[in-house]
Each structure stands twice: as structure tokens, then as C-alpha cells.
Amino acid sequence: MTGDNITTYPVDTVNRVKRLHDRGAYDHATIHALLDAAMLCHVSYVIDGQPYCTPTLYWREGSRLYWHGSSASRMLRNLSGGEPACLTVTQIDSLVLARCGFNHSVDYRSVMAFGQARLVSDQAEKERALVMMVDRLFPERTALLRQSSHQEIKATAVIFMDIERASAKIRTKGIGDNEEDYRLPIYAERIPVNTVLGKPEPCPRLLPAVKRPPTLDGYREGRPLEDSLAEAYRASYPD
Ligand SMILES: Cc1cc2nc3c(=O)[nH]c(=O)nc-3n(C[C@H](O)[C@H](O)[C@H](O)COP(=O)(O)OP(=O)(O)OC[C@H]3O[C@@H](n4cnc5c(N)ncnc54)[C@H](O)[C@@H]3O)c2cc1C
């Protein structure tokens with residue numbers, strides 16, 4: 001759906017944010033930016049009436065999401081033929097300590113994406129997707145690696161899901177106490193939360209001549225992980 005040059009996912013009863021709807025967004029720019037600044041998602045699906053929610057890595061190409069795993073994985077075996085799935089991604093931006101328990105909260109950005117999960121069955125497409133799984137995180141890294149063996153590729157399944165509907169929900173308000181509570185002698189604060197990279201630890205078994213490639217410069221000590229991920233995404237999928 002396109003209007004005023006803003007492309008959005010269609011909205012219906014499944015993905016319309018009802019609770020605190022002013023925090024909701026459906027435009028590609030907001031949703032894709034959140035998806036590209038993360039690598040961990042939770043995939044929800046139902047097998048024989050039992051709900052499951054599996055944490056896993058994912059990556060995006062346009063409106064298509066990919067995730068992968070062992071060919072023997074129950075999740076992947078059961079999500080291969082168009083089963084409905086919901087993939088969520090969450091960033092916590094701050095802890096909010098208010099003047100009463102009810103108003104304690106967190107600032108966050110999250111996405112819920114809905115679609116049908118399918119196996120990537122074409123061999124060439126599967127191999128391309130597996131290259132992008134690495135290169136999306138670490139641009140141009142596959143070219144520096146030993147080639148994957150036939151057995152390694154066979155042992156891996158790749159699932160894709162075209163996003164049919166999606167929503168973002170974003171809380172930025174920090175402390176939101178009841179007006180009368182600001183007069184109470186109670187300490188309150190907002191604690192920002194960041195996932196920051198630590199100092200890289202080279203493998204102790206590196207051969208002496210092997211140095212860290214400059215393509216990893218985006219992953220440096222003290223940098224927020226989401227900045228590194230977003231930058232790597234842009235390098236891997238330039239417009
Ligand atoms: C880190 C974090 C902590 C939270 N803590 C709480 C909590 O303690 N208590 C609480 O009630 N809620 C909390 N929320 C909000 C929670 O995710 C739901 O938005 C809320 O519970 C309303 O759920 P609902 O199904 O009634 O929403 P509805 O508005 O009925 O959901 C309808 C549709 O809106 C969209 N939607 C709803 N929530 C989200 C979301 N978070 N992200 C993207 N799309 C969404 C989906 O498409 C969903 O199908 C938290 C969210 C985050 C990210």
C-alpha cells in the first residue's frame with residue numbers, strides 16, 4: 001500500500017495496534033529499520049494445537065524474512081509448507097522507574113511480522129541465502145571463508161516468510177506518572193539500556209600471519225550492536 005510516498009503494510013484485525021494505538025506504525029521504513037538493527041527474533045507457530053515460540057537468528061531481503069537451522073529441527077520441519085507464523089523482534093531502550101508500581105515500564109521498539117513460512121527448496125537459492133546469512137552480518141565475509149561442504153549445506157534448512165502484515169510498536173515516553181504523584185517524595189528515574197560490543201577476542205589458534213580483516217571494522221569495542229548491524233545491513237543490501 002502506498003500513499004504520500006509512504007509504503008506501508010496492509011492493516012487489518014490481525015496487525016492493527018489496538019492497545020495504545022498511537023504507538024503503532026505500519027510503514028516499511030519504520031518496520032524495516034527495526035528489523036535491520038537486530039539479529040535475534042522469536043518465531044511463533046502452532047503444531048497440533050500446541051503454541052511454540054522459538055528464538056533464532058533471522059535476516060531480511062525486501063519484504064522477505066529468512067531464518068535457518070538444522071534440517072532435523074522440529075521448528076524447521078514443521079514450518080516448510082506455508083504454515084502461518086509470527087516473527088517478533090524487540091529492543092529495550094530504557095527501564096522506567098516511576099512513582100508507583102502501575103507506571104513502572106520500559107521504553108521499547110518492537111515488530112510483529114505475520115506470514116506463511118516456507119522451505120527454500122531450490123538448491124541455488126538456498127546456497128545464496130546461506131551466503132547472505134553470514135554476509136548480512138559480516139559484509140563480504142563469505143569470500144574469505146572455506147567453502148561450505150555439500151554435507152554442511154544438506155544439514156541446514158532455510159525458511160523464508162514473505163511479510164503479509166506487520167506492525168511496529170514504539171514506546172519512547174520515559175516516566176509517565178500520574179500528575180498528582182509528581183508531588184510525592186519518591187525517587188524515580190529512567191535507565192537507558194544499550195547492548196554494546198565488547199573487545200574482540202581473536203581466536204588463540206590463529207595462524208601468525210592472519211590479521212583481522214578491515215571489513216570487520218564496523219564491529220568495534222564500545223559500539224552499540226544495533227549500529228553495527230544496521231551498517232552491515234546497508235553494506236550488504238545497498239539500495
Ligand atoms: C519489552 C516490552 C515489554 C512489554 N511489557 C508489557 C507489559 O508488561 N504488559 C503489557 O500489557 N504489555 C507490555 N508490552 C506491550 C505488549 O507487547 C503488547 O503491545 C500489549 O500487551 C498489548 O497486547 P495486545 O495483544 O492486547 O495488543 P493489541 O493492540 O490487541 O494487538 C493487536 C496487534 O497489534 C500489534 N502489536 C501489539 N503489540 C505489539 C508490539 N509490542 N509490537 C509490535 N506490534 C504489536 C500486533 O500486530 C497485534 O497483533 C511490552 C512490550 C515490549 C516490547
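A: Buried means under 20% relative accessible area, exposed over 50%, and partly exposed in between, with a 1.4 Å probe and protein chains only. At 8% relative accessibility, Ala-38 therefore counts as buried. The model is predicted: local features need pLDDT of at least 70, side-chain atom pairs count only at pLDDT 80 or more, and totals for chains, interfaces and linings use all residues. Residues are numbered from 1 along each chain as its sequence is written, and side-chain values use heavy atoms, with hydrogens and water left out.

Q: Where in the fold does Ala-38 lie?

A: Helices (H or I, at least four residues) and strands (E, at least two) are DSSP runs, numbered from the N terminus. Ala-38 sits in the loop that runs between helix H1 (28-36) and strand E4 (40-47). From Ala-38 to Ala-124 the separation is 86 residues in sequence and 26 Å in space, C-alpha to C-alpha.

Q: How many salt bridges does a search of the whole structure find?

A: A salt bridge is a side-chain nitrogen of Lys or Arg within 4 Å of a carboxyl oxygen of Asp or Glu. The search of the whole structure gives 12. One of them pairs Asp-107 with Arg-171, with the closest N and O atoms 2.8 Å apart. This pair links distant parts of the chain, Asp-107 in strand E9 and Arg-171 in strand E11, 64 residues apart. Both Asp-107 and Arg-171 are buried.

Q: Which other salt bridge does Asp-107 form with an Arg side chain?

A: Asp-107 also meets Arg-190, at 3.1 Å from N to O. Asp-107 is in strand E9 and Arg-190 in strand E12 (residues 189-192), so this pair ties together parts 83 residues apart in sequence. Asp-107 has a relative accessibility of 2% and so counts as buried. Arg-190, with a relative accessible area of 41%, is partly exposed.

Q: Which side chain of opposite charge is nearest to Asp-135?

A: For charge, Lys and Arg count as positive and Asp and Glu as negative, while His and the chain ends are not counted. Asp-135 lies in helix H3 (residues 123-137). Asp-135 is buried yet has no salt bridge, and the nearest side chain of opposite charge, Arg-141, is 7.4 Å away. A polar contact is a pair of N or O atoms within 3.5 Å; within protein, one must be able to donate a hydrogen and the other to accept it, and residues adjacent in sequence count only if both atoms are side-chain atoms. The Asp-135 side chain reaches the backbone nitrogen of Arg-141 at 3.3 Å.

Q: How many residues surround the ligand?

A: A residue is near a molecule or strand if one of its heavy atoms lies within 4 Å of it. The ligand is surrounded by 16 residues, and the closest are Val-14, Lys-18, Ser-110, Ser-167 and Lys-169.
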